Amino acid sequence: MLNENELKALKLELQTPKKIAIVSHRNPDGDAIGSALALKLLLDSMHIDSTVSFDITGDLPSNLNHLPYDL
C-alpha cells in the first residue's frame, strides 16, 4: 500500500507525457489478465497512452472472451 507521499509522487510522475507498456507473465491466468486490463482502463481514464501485451500460448479460455480489448 502506498503512503500519501508515494501516491502524490506517482500521480505527478504519471502526468508527464509518456507511453506505458503493461506486461504479464507467460500464459497469464484470468487474475493477471484482469489486473493488467484494469490498469489499462485506469490509465485510459487519465488520458495516459498505454498498451497491454500478453504472451498467450493457445486460445484464451472462453470464460474470458467478454473482456475488453483484443487479446
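Guide: This is a predicted model. We start with E4, which is exposed, with a relative accessible area of 57%.

Visitor: Why is E4 called exposed?

Guide: Exposed means over 50% relative accessible area. E4 has 57%, so E4 counts as exposed.

Visitor: What makes the pair K8 and E4 a salt bridge?

Guide: The rule asks for a side-chain nitrogen of Lys or Arg within 4 Å of a carboxyl oxygen of Asp or Glu. For K8 and E4 the N to O distance is 3.3 Å, so the pair passes. K8 and E4 both lie in helix α1, four residues apart. That is about one turn of the helix.

Visitor: Why can such side chains pair at all?

Guide: Side chains of opposite charge can pair when their charged atoms come close.

Visitor: How many salt bridges does the rule give?

Guide: The count comes to three.

Visitor: What makes R26 and D55 a salt bridge?

Guide: Their side chains meet at 2.9 Å, N to O. The cut-off is 4 Å, so R26 and D55 qualify.

Visitor: Where in the chain do R26 and D55 lie?

Guide: R26 is in the loop between β1 and α2, and D55 is in the segment after β2. They are 29 residues apart, and the pair links distant parts of the chain.

Visitor: How do you know whether R26 and D55 are buried, partly exposed or exposed?

Guide: R26 has a relative accessible area of 63%, over the 50% limit, so R26 is exposed. D55 has 37%, between the 20% and 50% limits, so D55 is partly exposed.

Visitor: What makes D44 and K40 a salt bridge?

Guide: Their closest N and O atoms are 3.0 Å apart. That is within 4 Å, so the label holds. D44 and K40 both lie in helix α2, four residues apart, about one turn of the helix.

Visitor: Which residues make the nonpolar surface patch?

Guide: L2, L7 and L10 make a patch of about 260 Å². L10 lies in helix α1, residues 4-15.

Visitor: What is the phi of N27, and where does N27 lie?

Guide: Phi of N27 is near 45°, a positive value in a residue other than glycine. N27 lies in the loop between β1 (19-23) and α2 (30-45). With 40% relative accessibility, N27 is partly exposed, because that value is between 20% and 50%.

Visitor: What about the phi of H47?

Guide: H47 has a positive phi of about 60°, although H47 is not a glycine. H47 is found in the loop between α2 and β2 (49-53). Its relative accessibility is 74%, over 50%, so H47 counts as exposed.

Key: Residues numbered from 1 in each chain as written. Predicted model: local features only at pLDDT ≥ 70, side-chain atom pairs only at ≥ 80, totals over all residues. Heavy atoms only, no water. Patch = residues over 30% accessible without salt bridge, like charges linked within 9 Å, V, L, I, M, F, W, Y side chains within 5 Å. Areas by Shrake-Rupley, 256 points an atom, 1.4 Å probe, with all protein chains shown as cover. Helix = DSSP H or I, 4+ residues; strand = E, 2+ residues; numbered from the N terminus. Buried < 20%, exposed > 50% of the residue type's maximum accessible area, 1.4 Å probe, protein only.
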